[in-house]
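User: I'm new to reading protein models. Could you walk me through the features, one at a time?

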Amino acid sequence: MTKTLNPIGVHALVWVGNTSPDDIRSAVRQTKESGFDLLELSLHDSDNLDVEAARAALVEADLAVACSRGLAFDADISSDDSSVVARGEQILHDSLDIVDRLGSKILTGALYSALGKYNQRLTPTGRGNVVTVLRSLAKEASGRGVSLGLEICNRYETNVVNTARDALRLADDIGEDNVFIHLDTYHMNIEEADLIQPVLDVRDRLGYVHIGENHRGYLGAGSINFPGFFQALARTGYTGPITFESFSSAVVSETLSNDLAVWRNMWDNGEDLAQAARTFIETHLAAAAHSQR
Ligand code: MN
(Lines give C-alpha, C1' and ligand atoms only; values in the text may rest on other atoms or scores of the structure.)
Protein backbone atom coordinates (compact mmCIF):
# COMPACT_ATOMS: atom_id res chain seq x y z
CA MET A 1 0.00 0.00 0.00
CA THR A 2 1.33 3.45 -0.86
CA LYS A 3 2.47 5.69 1.97
CA THR A 4 -0.25 8.03 3.20
CA LEU A 5 0.25 11.78 3.46
CA ASN A 6 -1.04 11.73 7.02
CA PRO A 7 1.12 10.34 9.82
CA ILE A 8 -0.85 7.39 11.24
CA GLY A 9 -0.67 7.05 14.99
CA VAL A 10 -1.75 4.75 17.78
CA HIS A 11 -2.57 5.52 21.41
CA ALA A 12 -0.18 3.84 23.87
CA LEU A 13 -3.09 2.35 25.84
CA VAL A 14 -3.58 -0.11 22.98
CA TRP A 15 -0.28 -1.62 24.16
CA VAL A 16 0.38 -0.82 27.82
CA GLY A 17 -1.39 0.64 30.84
CA ASN A 18 1.56 2.36 32.49
CA THR A 19 4.60 4.45 31.65
CA SER A 20 7.41 2.48 33.30
CA PRO A 21 10.58 2.33 31.16
CA ASP A 22 9.75 -1.29 30.18
CA ASP A 23 6.20 -0.33 29.22
CA ILE A 24 7.37 2.62 27.12
CA ARG A 25 9.97 0.49 25.32
CA SER A 26 7.30 -2.12 24.65
CA ALA A 27 4.84 0.49 23.33
CA VAL A 28 7.48 2.02 21.05
CA ARG A 29 8.54 -1.37 19.69
CA GLN A 30 5.00 -2.54 19.00
CA THR A 31 4.00 0.78 17.43
CA LYS A 32 6.95 0.53 15.06
CA GLU A 33 6.44 -3.17 14.30
CA SER A 34 2.79 -2.54 13.47
CA GLY A 35 3.80 0.05 10.88
CA PHE A 36 2.65 3.26 12.58
CA ASP A 37 4.38 6.63 12.21
CA LEU A 38 3.44 8.10 15.56
CA LEU A 39 2.86 7.08 19.18
CA GLU A 40 0.46 9.05 21.35
CA LEU A 41 1.48 9.15 24.98
CA SER A 42 -0.99 10.21 27.63
CA LEU A 43 0.68 12.30 30.33
CA HIS A 44 -1.82 11.37 33.07
CA ASP A 45 0.92 9.31 34.76
CA SER A 46 3.82 11.61 33.87
CA ASP A 47 5.27 11.51 37.40
CA ASN A 48 6.37 7.95 36.59
CA LEU A 49 7.51 8.68 33.05
CA ASP A 50 11.26 8.51 32.41
CA VAL A 51 11.27 11.27 29.83
CA GLU A 52 14.87 10.90 28.67
CA ALA A 53 14.55 7.13 28.22
CA ALA A 54 11.27 7.56 26.34
CA ARG A 55 12.82 10.16 24.04
CA ALA A 56 15.78 7.90 23.31
CA ALA A 57 13.50 4.94 22.47
CA LEU A 58 11.37 7.12 20.16
CA VAL A 59 14.41 8.53 18.37
CA GLU A 60 15.92 5.08 17.93
CA ALA A 61 12.67 3.79 16.43
CA ASP A 62 12.27 6.95 14.31
CA LEU A 63 8.75 7.46 15.62
CA ALA A 64 6.98 10.79 16.07
CA VAL A 65 5.23 11.35 19.39
CA ALA A 66 2.14 13.33 20.33
CA CYS A 67 1.16 13.96 23.95
CA SER A 68 -2.33 14.13 25.36
CA ARG A 69 -3.94 14.61 28.70
CA GLY A 70 -6.99 15.79 30.59
CA LEU A 71 -7.11 17.54 33.95
CA ALA A 72 -8.76 16.48 37.22
CA PHE A 73 -11.56 18.00 39.27
CA ASP A 74 -9.08 19.26 41.89
CA ALA A 75 -6.81 20.75 39.20
CA ASP A 76 -9.26 22.19 36.70
CA ILE A 77 -8.72 25.45 34.81
CA SER A 78 -12.47 25.69 34.08
CA SER A 79 -13.23 25.99 37.79
CA ASP A 80 -14.46 29.17 39.52
CA ASP A 81 -12.03 28.49 42.36
CA SER A 82 -8.70 30.21 41.75
CA SER A 83 -6.68 27.67 43.75
CA VAL A 84 -8.13 24.80 41.68
CA VAL A 85 -7.36 26.76 38.50
CA ALA A 86 -3.79 27.39 39.67
CA ARG A 87 -3.21 23.65 40.24
CA GLY A 88 -4.49 22.91 36.73
CA GLU A 89 -2.32 25.64 35.24
CA GLN A 90 0.75 24.22 36.96
CA ILE A 91 0.03 20.74 35.58
CA LEU A 92 -0.33 22.14 32.08
CA HIS A 93 2.96 24.01 32.28
CA ASP A 94 4.71 20.92 33.68
CA SER A 95 3.17 18.89 30.84
CA LEU A 96 4.41 21.36 28.25
CA ASP A 97 7.89 20.96 29.66
CA ILE A 98 7.64 17.15 29.25
CA VAL A 99 6.31 17.53 25.70
CA ASP A 100 9.28 19.67 24.82
CA ARG A 101 11.80 17.29 26.45
CA LEU A 102 10.21 14.31 24.64
CA GLY A 103 10.77 16.07 21.33
CA SER A 104 7.05 16.33 20.64
CA LYS A 105 5.36 19.25 18.88
CA ILE A 106 1.81 18.43 20.01
CA LEU A 107 0.06 18.70 23.36
CA THR A 108 -3.63 17.92 22.99
CA GLY A 109 -6.66 16.49 24.80
CA ALA A 110 -9.03 17.94 27.38
CA LEU A 111 -6.50 20.61 28.33
CA TYR A 112 -9.39 22.89 29.29
CA SER A 113 -11.11 20.84 32.03
CA ALA A 114 -11.27 17.69 34.10
CA LEU A 115 -12.01 14.50 32.19
CA GLY A 116 -15.27 13.47 33.80
CA LYS A 117 -18.96 14.04 34.30
CA TYR A 118 -19.81 17.57 35.44
CA ASN A 119 -22.95 18.10 37.51
CA GLN A 120 -23.43 21.69 36.37
CA ARG A 121 -22.86 23.93 33.37
CA LEU A 122 -19.64 25.75 32.70
CA THR A 123 -19.86 29.21 34.30
CA PRO A 124 -18.78 32.46 32.58
CA THR A 125 -16.02 32.83 35.19
CA GLY A 126 -14.82 29.27 34.55
CA ARG A 127 -14.76 29.83 30.79
CA GLY A 128 -12.83 33.05 31.30
CA ASN A 129 -10.27 31.12 33.33
CA VAL A 130 -9.89 28.57 30.50
CA VAL A 131 -9.24 31.36 27.99
CA THR A 132 -6.71 33.14 30.21
CA VAL A 133 -4.74 30.01 31.14
CA LEU A 134 -4.67 28.50 27.64
CA ARG A 135 -3.66 31.82 26.08
CA SER A 136 -0.69 32.02 28.42
CA LEU A 137 0.16 28.33 27.85
CA ALA A 138 -0.07 28.82 24.06
CA LYS A 139 2.33 31.75 24.19
CA GLU A 140 4.84 29.68 26.14
CA ALA A 141 4.30 26.69 23.81
CA SER A 142 4.89 28.87 20.75
CA GLY A 143 8.40 29.68 21.94
CA ARG A 144 9.11 25.94 22.03
CA GLY A 145 7.54 25.19 18.65
CA VAL A 146 4.68 23.28 20.30
CA SER A 147 1.00 23.53 19.29
CA LEU A 148 -1.94 22.99 21.63
CA GLY A 149 -4.99 20.96 20.65
CA LEU A 150 -8.53 21.41 21.91
CA GLU A 151 -9.97 17.88 21.77
CA ILE A 152 -13.73 18.04 21.59
CA CYS A 153 -15.17 15.56 24.11
CA ASN A 154 -18.69 14.39 24.77
CA ARG A 155 -20.96 15.75 27.50
CA TYR A 156 -20.09 12.98 29.97
CA GLU A 157 -16.39 13.88 29.88
CA THR A 158 -16.47 17.70 29.89
CA ASN A 159 -18.86 20.65 29.92
CA VAL A 160 -16.45 23.03 28.11
CA VAL A 161 -16.42 21.94 24.45
CA ASN A 162 -18.82 19.27 23.18
CA THR A 163 -19.05 20.30 19.52
CA ALA A 164 -16.81 21.72 16.80
CA ARG A 165 -18.72 25.01 17.07
CA ASP A 166 -17.90 25.23 20.79
CA ALA A 167 -14.23 24.54 20.13
CA LEU A 168 -13.96 27.07 17.30
CA ARG A 169 -15.44 29.75 19.56
CA LEU A 170 -13.03 28.84 22.35
CA ALA A 171 -10.04 28.89 19.97
CA ASP A 172 -11.19 32.29 18.65
CA ASP A 173 -11.35 33.64 22.19
CA ILE A 174 -7.89 32.26 23.04
CA GLY A 175 -6.69 33.95 19.86
CA GLU A 176 -3.31 32.26 19.44
CA ASP A 177 -2.16 30.76 16.11
CA ASN A 178 -0.69 27.61 17.68
CA VAL A 179 -4.05 26.45 19.09
CA PHE A 180 -5.75 23.91 16.82
CA ILE A 181 -8.92 21.82 16.87
CA HIS A 182 -8.76 18.08 17.56
CA LEU A 183 -11.70 15.98 16.32
CA ASP A 184 -12.47 12.50 17.65
CA THR A 185 -15.03 10.35 15.82
CA TYR A 186 -16.08 8.64 19.05
CA HIS A 187 -17.09 11.95 20.65
CA MET A 188 -18.49 13.40 17.39
CA ASN A 189 -20.77 10.38 17.08
CA ILE A 190 -22.39 11.32 20.40
CA GLU A 191 -22.66 15.09 19.95
CA GLU A 192 -22.61 16.18 16.31
CA ALA A 193 -25.47 15.97 13.78
CA ASP A 194 -23.11 14.17 11.39
CA LEU A 195 -19.39 13.46 10.94
CA ILE A 196 -18.95 15.63 7.84
CA GLN A 197 -20.06 19.20 8.54
CA PRO A 198 -17.82 19.63 11.62
CA VAL A 199 -14.76 18.76 9.50
CA LEU A 200 -15.82 21.33 6.90
CA ASP A 201 -16.47 23.92 9.62
CA VAL A 202 -13.09 23.39 11.29
CA ARG A 203 -11.31 23.13 7.92
CA ASP A 204 -7.66 24.25 8.12
CA ARG A 205 -7.81 24.70 11.88
CA LEU A 206 -7.94 20.92 12.27
CA GLY A 207 -4.61 19.77 13.70
CA TYR A 208 -5.20 16.28 15.09
CA VAL A 209 -7.69 13.46 14.62
CA HIS A 210 -8.67 10.52 16.81
CA ILE A 211 -10.29 7.60 15.02
CA GLY A 212 -12.42 5.57 17.38
CA GLU A 213 -15.49 3.39 16.97
CA ASN A 214 -18.71 4.22 18.83
CA HIS A 215 -17.79 1.50 21.39
CA ARG A 216 -14.04 2.25 21.18
CA GLY A 217 -13.24 -1.28 20.01
CA TYR A 218 -12.35 -2.67 16.56
CA LEU A 219 -12.80 -0.17 13.71
CA GLY A 220 -15.58 -1.24 11.37
CA ALA A 221 -17.26 -3.34 14.07
CA GLY A 222 -19.50 -0.45 15.13
CA SER A 223 -21.91 2.05 13.66
CA ILE A 224 -19.75 5.07 12.75
CA ASN A 225 -19.92 6.51 9.21
CA PHE A 226 -16.20 6.40 8.47
CA PRO A 227 -16.43 6.82 4.65
CA GLY A 228 -18.18 10.19 5.13
CA PHE A 229 -15.66 11.33 7.71
CA PHE A 230 -12.62 10.39 5.60
CA GLN A 231 -14.15 12.01 2.52
CA ALA A 232 -14.58 15.23 4.50
CA LEU A 233 -10.91 15.05 5.54
CA ALA A 234 -9.94 14.62 1.89
CA ARG A 235 -12.16 17.53 0.79
CA THR A 236 -10.44 19.86 3.24
CA GLY A 237 -6.96 18.60 2.35
CA TYR A 238 -6.12 17.50 5.91
CA THR A 239 -2.56 16.16 6.10
CA GLY A 240 -2.10 16.06 9.90
CA PRO A 241 -1.89 13.06 12.23
CA ILE A 242 -4.66 10.47 12.37
CA THR A 243 -4.40 8.42 15.55
CA PHE A 244 -6.26 5.25 16.42
CA GLU A 245 -7.69 5.31 19.91
CA SER A 246 -9.17 2.21 21.50
CA PHE A 247 -9.65 1.00 25.03
CA SER A 248 -10.37 -2.36 26.59
CA SER A 249 -10.33 -3.76 30.09
CA ALA A 250 -7.56 -6.01 28.71
CA VAL A 251 -5.10 -3.09 29.13
CA VAL A 252 -5.76 -0.96 32.18
CA SER A 253 -4.38 2.31 33.43
CA GLU A 254 -5.58 2.74 37.02
CA THR A 255 -6.44 6.40 36.48
CA LEU A 256 -7.16 6.90 32.79
CA SER A 257 -9.28 3.77 32.28
CA ASN A 258 -11.62 4.85 35.07
CA ASP A 259 -11.86 8.44 33.80
CA LEU A 260 -12.79 7.07 30.36
CA ALA A 261 -15.28 4.53 31.76
CA VAL A 262 -13.51 1.55 30.24
CA TRP A 263 -15.55 -1.25 31.83
CA ARG A 264 -15.70 -3.77 29.01
CA ASN A 265 -13.34 -6.18 27.39
CA MET A 266 -13.50 -4.99 23.75
CA TRP A 267 -10.43 -6.96 22.67
CA ASP A 268 -7.55 -9.02 24.08
CA ASN A 269 -4.91 -8.78 21.36
CA GLY A 270 -3.65 -5.20 20.95
CA GLU A 271 -1.41 -6.20 18.05
CA ASP A 272 -4.20 -7.68 15.98
CA LEU A 273 -6.42 -4.71 16.86
CA ALA A 274 -3.78 -2.14 15.89
CA GLN A 275 -2.80 -3.78 12.62
CA ALA A 276 -6.47 -4.03 11.64
CA ALA A 277 -6.88 -0.35 12.54
CA ARG A 278 -3.92 0.79 10.47
CA THR A 279 -5.18 -1.12 7.44
CA PHE A 280 -8.68 0.27 8.01
CA ILE A 281 -7.41 3.88 8.17
CA GLU A 282 -5.14 3.49 5.13
CA THR A 283 -7.92 1.88 3.10
CA HIS A 284 -10.37 4.67 3.94
CA LEU A 285 -7.78 7.38 3.21
CA ALA A 286 -7.02 5.84 -0.17
CA ALA A 287 -10.71 5.46 -1.06
CA ALA A 288 -11.42 9.06 0.01
CA ALA A 289 -8.46 10.39 -1.98
CA HIS A 290 -9.65 8.46 -5.02
CA SER A 291 -13.18 9.87 -4.69
CA GLN A 292 -11.76 13.41 -4.85
CA ARG A 293 -10.14 12.86 -8.25
MN1 MN B 1 -9.88 11.01 21.82
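Predicted model: local features only at pLDDT ≥ 70, side-chain atom pairs only at ≥ 80, totals over all residues.

User: Are E151 and E245 buried or exposed?

Analyst: Both E151 and E245 are buried, so each has under 20% relative accessible area.

User: Okay, on to rings. How do I describe a pair of them?

Analyst: You describe an aromatic pair by the distance of the ring centres and the angle of the planes. Here the count comes to four aromatic pairs. Take F73 and Y118: their ring centres are 4.9 Å apart and their planes are at 65°, so the pair is edge-to-face; the cut-off for that label is over 60 degrees. F73 lies in the loop between β3 (64–71) and α3 (82–102), and Y118 in the loop between β4 (106–114) and α4 (124–143), so the pair ties together parts 45 residues apart in sequence. F73 is partly exposed, with a relative accessible area of 46%, whereas Y118 is buried at 10%.

User: What about F226 and F280: how far apart are their ring centres?

Analyst: Their centres are 5.3 Å apart with planes at 80°, so that pair is edge-to-face too. F226 belongs to helix α8 (residues 226–236) and F280 to helix α10 (residues 270–292), 54 residues apart. F226 and F280 are both buried, and ring pairs link F226, F229, F230 and F280 into a cluster.

User: Last one, strands. In which sense do β2 and β3 pair?

Analyst: Strand β2 (residues 38–42) pairs with β3 in the parallel sense, over five bridges, and S42 stands opposite S68 in β3. To get from β2 to β3, the chain crosses through helix α2 (residues 51–61), making a right-handed β-α-β crossover.

User: And what happens between β3 and β4?

Analyst: Those two pair in the parallel sense over five bridges, with C67 opposite L107 in β4. The chain crosses from β3 through α3 to β4, in a right-handed β-α-β crossover. Seven of the eight residues of β3 are buried, so β3 is largely enclosed by the rest of the structure.

Key
Residues numbered from 1 in each chain as written. Heavy atoms only, no water. Buried < 20%, exposed > 50% of the residue type's maximum accessible area, 1.4 Å probe, protein only. Phe/Tyr/Trp six-rings, centres within 6.5 Å; stacked < 30°, edge-to-face > 60°. Helix = DSSP H or I, 4+ residues; strand = E, 2+ residues; numbered from the N terminus. Pairing = 2+ DSSP bridges. Right-handed = clockwise from strand over helix to strand, strands pointing away.
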